[in-house]
Amino acid sequence: MSTPGVLTFTQQAWEQVLAKVKRAVVYLDAACAESLHWGCGSSRLLEAVGNSACYLREFEPAAVAGGAEQPKAVFVLSCLLKGRTVETLRDIICRSHFQYCVVVTAVNHAVHLTANHVPPAAAAELEGQQLVFEQLEEKLCEWMGNMNYTAEVLHVPLLLACAAPHLALTPAFASLFPLLPQDVHILNRARSDKRRLGNLAEVDATTLTPELLLTIRCLVSGLSSLCEHLGVREECFAVGSLSRIIAADLANFAPAKNRRKTATGRASVVFVDRTLDLTGAVGHHGDNLVEKILSVLPQLPGHTNDVMVNMVELTALQAEEENQNMVAPGCLAQSNDPAAKALWEALLNTKHKEAVMEVRRHLVEAASRENLPIKMSMGRVTPGQLTSYIHLFKNNLKALGNHCGLLQLGLATVQTLKHPQTAKWDNFLAFERLLLQSIGESTMSVVLNQLLPMIKPSNQRTNDDYSPEELLVLLIYIYSVSGEFSVDKDLGEGEEKVKKALAQVFCEESELSPLLQKITGCDSSINLTFHKSRSAVDELFTSLRDIAGARSLMKQFKSVYVPGNHTHQASYKPLLKQVVEEIFNPKRPDPVDIEHMSSGLTDLLKTGFSMFMKVSRPHPSDHPLLILFVVGGVTVSEAKMIKDLVPSLKPGTQVIVLSTRLLKPTNIPELLFTTDRLHPDLGF
């Protein structure tokens, strides 16, 4: 049997679903589809359905209903069974001819009780019962039109999309993002003067909006199931305000109390707020091919962690634009192809140059196994060389089928290497390095003045110039790496010039991108006045100032900027690296910014006694497994850094990196400037 890990957790969860889907119409929501995509692939679902006329459908109000010859339906949902979700279920079932309905939810029953306002004491009395699920089963029979038909509602923890054995994402929580100081002002609007919050440090579970609190509880439900699968009793730690609330909720999650008593393993779960270091999220210093693939290829529709790979080159179609949508796209997730999966994991864990050579090696070996007429060439790997190897498979259907996953990764590599945005990656990197030197030698106003000439309207931009979205990425980099700075007249004037130039550029865009539409609230540049544009830019700068002050509440992790000296240039030191180094500091000092969240009276007593007796406080390095959860997204380079760093600091320690999503630089402006952090959409 495989060692329990994130992949076995996901696969075992899907096996429970697959056992229910024989000869069914299957409706999936986007987050569950993404978990399936990375965990075991849609082909496993199709096999389990076992019907030549198999129907997989997106769960949405307009979904096609089941016909008379389709008596069975399975709904696989990542969310709470409440509100709009239940209305959509009702609408689909009432329009169909189902006699047997199964509804799978990734959220456990205890959270459904919370969502239905059942007090904790009453919920404890209902432990072991499935009251909410049973009530919905009755409703399902009612909607099918016969109370003797079969309905089943069950919880299966479909939380993760596993990108690698050490890295997993939570697609249902892709838009969960840590709070900023401006969110405190919004929370204060609903509070009396006497109960006003002073800063993010004072925000706790009792002060959050009901939507955000429920979102956190849904996430905690899934993480608790993961810990149960791993067989561990977890100690929870946090760095940052939202992480503190999530960690405390997991530590005190009532359904976890019993499983912790019998758990034989131990683990430290450390949550970290992404907002404490956005430099790593928007920077281009990660020398990784996968980061570049994620950045330049179009997103796979409905997914947050995968891209579309154009497969037209492997067909007889001409590579014209009108043919692009005639062939289904390829992707990065290759859950059922061991060779492609091995290459994918190699790409995650190697530098750009080695990764490209690894792609060539895999293509050459595959072509040799198929006896294809390959011409070997050593030296530098070029897109043309890789393309010539890929074309060898073109007219050989058997070879195509045998190596389809590898060819998708090969084409993703070629399309990335040839993409104009890839050439721009080095421009970003050069400017970021220049900024690092400037920040140490100049004031913030001087740094902003360096950016000013780069802000150009669309009719003056060349391919080498920065688009408005790219300028936002650079601004986030500047404010995040700088940290707190003194506000003076020069800074005010410098910001004013950048604001004015940026507002003007927004107005002069011939077409507003989806991001600019969200930021400005205008769907067309024709409707965008300078006044509207300027108001939007002012709000952007409020967020930027918040990002600059994000580490102000930290005592130890106050900076990610390392000043230069006569032997070294100024550099960036990732906050995640600082956190991991502090966890495994051989001197084991009491962590200052890594807060331990107690899970009950025993922990509280232990913490209290440690102030005047020799009682060891829980420490994140105590256990053989470290689970590091980055709230708000993680980059491929960061995940690799953590994976390599932990065993070098404490050999024998296993590490799992979890996060809400895989990040590329352009994700951050959207998460930062357009996400309603306090009111996530729960489907009701």
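Modeller: What follows goes from the sheet to its helices, then to the chain and its rings.

This is a predicted model, so local features need pLDDT of at least 70, side-chain atom pairs count only at pLDDT 80 or more, and totals for chains, interfaces and linings use all residues. Residues are numbered from 1 along each chain as its sequence is written, and side-chain values use heavy atoms, with hydrogens and water left out.

Start with the sheet. It is open, has seven strands and mixed pairing, and its order is β6-β7-β14-β13-β9-β8-β12. Strands are DSSP runs of E with at least two residues, helices are runs of H or I with at least four, and both are numbered from the N terminus. Two strands pair if DSSP finds at least two bridges between them. Strands of a sheet pair through backbone hydrogen bonds, either parallel or antiparallel.

The edges are β6 (161–164) and β12 (595–597). Each has a single partner strand, so one side of each is left without a neighbour in the sheet. Neighbouring strands are turned by 25 degrees against each other on average, direction ignored. Axes here are lines fitted to C-alpha atoms, for helices over the stretch in contact, and angles run from 0 to 180 degrees between N-to-C directions.

Strand β9 (residues 265–273) and strand β13 (residues 625–631) run parallel, joined by seven bridges. V269 has I627 in β13 as its bridge partner.

Two helices belong in this picture. Helix α27 (residues 636–649) packs on the sheet and touches β7 (167–169), β13 and β14 (654–659). Its direction makes about 160 degrees with that of β14. Helix α10 (residues 241–251) lies across β8 (232–239), β9, β12 and β13. It runs at about 160 degrees to β8. Contact means heavy atoms within 4.5 Å.

Next, the chain. It has 28 helices and 14 strands. The division is domain 1 (6–158), domain 2 (159–277 + 571–683), domain 3 (289–418) and domain 4 (422–549). These bounds come from an automatic or database domain assignment. The C-alpha centres of domain 1 and domain 4 are 45 Å apart. Buried residues make up 55% of the 684 residues. Buried means under 20% relative accessible area, exposed over 50%, and partly exposed in between (1.4 Å probe, protein chains only). Of the contacts with a separation of 6 or more, 77% are between residues 24 or more positions apart.

P669 is buried, at 1% relative accessible area. Beyond its neighbours within four places in sequence, P669 is in contact with L472, V473, I476, L515 and T674.

Last, the rings. Rings of Phe, Tyr and Trp (its six-membered ring) pair if their centres lie within 6.5 Å; planes under 30 degrees apart count as stacked, over 60 as edge-to-face and the rest as tilted. By this rule there are nine aromatic pairs. In one of them, Y27 and F75 have ring centres 4.8 Å apart and planes at 10 degrees, so the pair is stacked. Y27 is in strand β1 (residues 25–28) and F75 in strand β3 (residues 72–77), 48 residues apart. Y27 is buried at 0%, and F75 is buried at 0%. Another pair, Y479 and F485, is edge-to-face, with 5.7 Å centre to centre and 70 degrees between the planes. Y479 is buried at 0%, whereas F485 is partly exposed at 22%. Y27, F59, F75 and F98 form one aromatic cluster.
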